[in-house]
Amino acid sequence: MKITITQPLAIHELGDRQNQEDSVYPEQSAATTGDKLFMVCDGMGGHDHGEVASQLVCGTLPRYLKENWTGGILPDDLLHDAIDEVFRQINKYDDGSLRQMGTTLTLLCLHQGGATMAHIGDSRIYHIRPSEHRILYKSRDHSLVYDLFIAGEITQEEMGSYGKKNVITRAIMPGMDRQPRLDIAHSTDLLPGDCFLLCSDGMLEQMTDKQLTELLSARLTKEALRQNLTDATRDSHDNHSAWLIEIKSVDREEYDEKLQHNENTVRCNAILLEQQKQKKQSLWQRIKKAIV
């Protein structure tokens with residue numbers, strides 16, 4: 001499978017913060033249509049600490065893949081090895097004073113096997129099909145508020161104002177006793193016009209999935225789309241960064257049907273989790289009506 005993309009579109013804004021703790025790869029001004037690896041990392045830990053962590057991940061992981069990946073299909077094992085190297089590097093900063101330093105990770109790699117999406121934390125990856133106005137994949141947030149939502153403890157409307165909104169359950173941090181798992185999804189269901197959005201949670205403060213899908217489904221120039229995304233996130237308080245990657249063409253080969261594809265079944269797909277939750281709620285409502 002040969003995948004080509006249009007010119008990548010980046011957003012990298014401060015919000016109301018005084019320093020930028022988000023990091024992106026490649027650098028915003030250096031991205032080209034030949035790039036295959038994209039990352040967004042949302043640092044945490046206050047001034048200097050968060051940006052150190054996010055920059056370290058955006059430097060270490062691409063370098064490790066460049067040194068150890070020979071091309072072709074990206075193996076999951078190599079991606080896990082790259083994360084191990086990231087933790088080895090960030091642990092060098094563990095002198096006791098930076099225990100609150102950390103970062104999320106979202107990653108997209110386009111290769112001969114299709115698209116590999118991976119994440120740790122509450123920054124998100126979307127696979128959106130504008131031609132059908134729908135989201136095929138949305139990474140599940142590794143956060144307390146999302147776990148409570150899926151468990152039915154709070155509603156979707158309550159998620160935005162929940163008191164422990166920023167408590168994340170997985171992150172890349174130094175000195176961790178147990179290294180958090182990297183969630184990985186694969187897609188071979190790729191069509192020209194499909195979009196991948198990688199974004200820190202600050203991008204989503206003022207925007208719902210429906211609004212995001214409608215915005216990306218509008219037939220706009222890249223500059224108009226950038227302006228609309230920037231306008232939609234203008235009131236976001238947090239740093240907000242994103243990569244928008246649009247598929248230009250997909251040339252398939254005979255063996256492609258044997259490639260791994262699990263984006264519509266993998267447990268880290270929030271679309272699947274939320275559909276299952278809705279079905280359970282609907283079933284419970286029918287049971288309660290039948291009892292009454």
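This is a predicted model: local features need pLDDT of at least 70, side-chain atom pairs count only at pLDDT 80 or more; totals for chains, interfaces and linings use all residues.
Me: Which residues touch the most other members of the largest nonpolar core?
Reply: This core has 27 residues. The elements giving two or more residues to it are β4 (37–44), α1 (49–68), α2 (76–91), β6 (105–111) and β7 (114–120). A second, separate core of 25 residues includes Ile3, Ala31, Leu110 and Tyr137. Back in the largest core, the members that touch the most others are Met39, Leu61, Leu65, Leu105, Leu107, Ile172 and Leu182.

Me: Which residues does Leu107 touch, not counting residues up to four places away in sequence?
Reply: Leu107 is one of the residues that touch the most other members of the largest core. Among its partners are Met39 and Leu61, which are also on that list of core members.

Me: Which elements do the buried residues of α1 pack against?
Reply: Helix α1 has 20 residues and reaches 29 Å from its first C-alpha to its last, close to the 28 Å expected. Its buried residues include Gly50, Ala53, Val57, Leu61 and Leu65. In an α-helix, residues three or four places apart point the same way, because there are 3.6 residues a turn. The buried residues of α1 pack against β3 (22–25), β4, α2, β5 (102–103) and β6.

Me: Why is strand β8 said to be largely enclosed by the rest of the structure?
Reply: In a regular strand the side chains alternate between the two faces of the sheet. Both faces of β8 are covered, with Arg124, Tyr126 and Ile128 buried on one side and Ile125, His127 and Arg129 buried on the other. Strand β8 is largely enclosed because its buried residues number 6 of the 6.

Me: Which strands are joined to β8 by bridges, and do they run parallel or antiparallel to it?
Reply: On one hand, 5 bridges join β8 to β11 (residues 195–199), where Arg124 has Cys199 as its bridge partner. On the other, 4 bridges join β8 to β9 (residues 134–138), and Ile128 stands opposite Ile135 there. The strands are β11, which is antiparallel to β8, and β9, which is also antiparallel to β8.

Me: What is the phi of His133?
Reply: His133 sits in the turn of the hairpin that β8 and β9 form, with 4 residues between the strands. His133 is exposed, at a relative accessible area of 53%. Most residues other than glycine have a negative phi. For His133, phi is positive, near 50°.

Me: What is the omega of the cis peptide bond that joins Tyr25 and Pro26?
Reply: Pro26 lies in the loop between β3 and β4. Most peptide bonds are trans. The bond joining Tyr25 and Pro26 is cis, with an omega of about -5°.

Me: Which backbone nitrogen does the side chain of Ser139 reach?
Reply: Ser139 is in the loop between β9 and α3 (144–150), and at 1% relative accessibility it counts as buried. Beyond its neighbours within four places in sequence, Ser139 is in contact with residues including His119, Arg124 and Cys268. At 2.9 Å, its side chain reaches the backbone nitrogen of Ile125.

Key:
Residues are numbered from 1 along each chain as its sequence is written. Side-chain values use heavy atoms; hydrogens and water are left out. A nonpolar core is a set of buried Ala, Val, Leu, Ile, Met, Phe, Trp, Tyr and Cys residues joined through side-chain atoms within 4.5 Å. Buried means under 20% relative accessible area, exposed over 50%, partly exposed in between (1.4 Å probe, protein chains only). Contact means heavy atoms within 4.5 Å. The expected span of a helix is 1.5 Å times one less than its number of residues. Two strands pair if DSSP finds at least two bridges between them. A polar contact is a pair of N or O atoms within 3.5 Å; within protein, one must be able to donate a hydrogen and the other to accept it, and residues adjacent in sequence count only if both atoms are side-chain atoms.
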